[in-house]
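Here are my notes for anyone opening this structure for the first time. Keep the view turned on while you read, and follow the points in order.

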Amino acid sequence: KQIPHRLFEEHGLNGVVPFMHEDLDMWRDSLHHGLQHHLEDSNIVLHGGIDDVWFDRLQEKLIVVDYKSQASSRSVNTNDYLAGVYHQSYKVQLDFYAYLLIKMGFDVSPVGYFYVCNADRSAPAFNGQMRFQETLVPYEWNIDWIHSMVWKMIDVLNSYDIPEHNSS
């Protein structure tokens with residue numbers, strides 16, 4: 001319908017609607033397609049399956065969105081969510097999606113979102129039903145590190161030397 005989602009108003013996103021693109025279903029298919037970029041001067045094609053893309057009609061930019069679900073007794077807030085040790089890879093994921101969209105020629109908003117659904121664990125019984133609290137967590141992505149890191153990975157792939165062990 002190209003109307004803002006019900007959560008957008010409380011986050012000041014009244015000009016934001018779902019992005020309409022003929023390839024969106026392919027971009028969501030991480031196993032067979034996803035967002036794609038052929039890395040210059042290589043035979044490497046980078047790709048990743050995105051959850052969603054929104055369009056800011058005022059800025060005329062795409063917004064990268066990743067859906068996350070969890071069952072935590074604590075409510076979701078931006079600072080704690082982005083600082084969580086297990087959520088660092090989420091930020092890398094959003095960075096990478098923004099990078100791919102930019103490489104595909106799109107103008108991307110500097111702020112993406114995690115659309116987090118947190119299951120209510122305080123219910124006395126499950127009874128075949130779960131209730132979720134929905135939260136939008138804004139994230140200012142950063143793609144500055146990606147190009148050099150990808151080339152470091154390619155160097156490792158092309159090397160005859162085994163890389164040093166990483167304890168993590």
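Predicted model: local features only at pLDDT ≥ 70, side-chain atom pairs only at ≥ 80, totals over all residues.

1. A word on terms before anything else: a residue is called buried when its relative accessible area is under 20%, exposed when that area is over 50%, and partly exposed in between. With that in hand, go to helix H4, where the buried residues are Ile-146, Val-150 and Ile-154. These residues sit on the same side of H4, because they cover an arc of only 75° around the axis.

2. An α-helix has 3.6 residues a turn, so residues three or four places apart point the same way. Now look at the other side of H4: Lys-152 and Asp-155 are exposed there.

3. What covers the buried residues of H4? Strand E3 (45–48) and helix H3 (88–103) are among the elements that do. As for its own dimensions, H4 runs over residues 146–158, 13 residues in total, and spans 18 Å from its first C-alpha to its last, close to the 18 Å expected at 1.5 Å a residue.

4. The average pLDDT is 92, and 100% of the residues score at least 70.

5. For the overall layout, count 4 helices and 7 strands. Along the sequence they follow the pattern β-α-β-β-β-β-α-α-β-β-α. The C-alpha atoms fill a box of roughly 60 × 40 × 30 Å along the principal axes.

6. How much of the protein is buried? Of its 168 residues, 36% count as such. The accessible surface comes to about 11,200 Å², with 51% of that belonging to carbon and sulfur atoms. Among contacts between residues at least 6 apart in sequence, 64% join residues at least 24 apart.

7. On to the charges. Side chains of opposite charge can pair when their charged atoms come close. How many salt bridges are there in this model? The count comes to 4. One of them is between the side chains of Glu-134 and Arg-6, at 2.7 Å from N to O. This pair links distant parts of the chain, with Glu-134 in strand E7 (residues 132–140) and Arg-6 in the segment before strand E1 (16–18), 128 residues apart. Glu-134 is partly exposed at 26% relative accessibility, while Arg-6 is exposed at 57%.

8. Arg-28 deserves a look of its own. Together with Asp-25 and Asp-52, Arg-28 belongs to a network of salt bridges. The closest N and O atoms of Asp-25 and Arg-28 are 3.8 Å apart, and both residues lie in helix H1 (residues 24–28), 3 residues apart, or about one turn of the helix. Between Asp-52 and Arg-28, the closest N and O atoms are 2.8 Å apart.

9. Arg-28 is partly exposed at 35%, and Asp-52 is buried at 8%.

Note on methods: Residues numbered from 1 in each chain as written. Heavy atoms only, no water. Helix = DSSP H or I, 4+ residues; strand = E, 2+ residues; numbered from the N terminus. Expected span 1.5 Å × (residues − 1). Buried < 20%, exposed > 50% of the residue type's maximum accessible area, 1.4 Å probe, protein only. Arc of directions from axis to C-beta. Contact = heavy atoms within 4.5 Å. pLDDT = per-residue confidence, 0-100. Areas by Shrake-Rupley, 256 points an atom, 1.4 Å probe, with all protein chains shown as cover.
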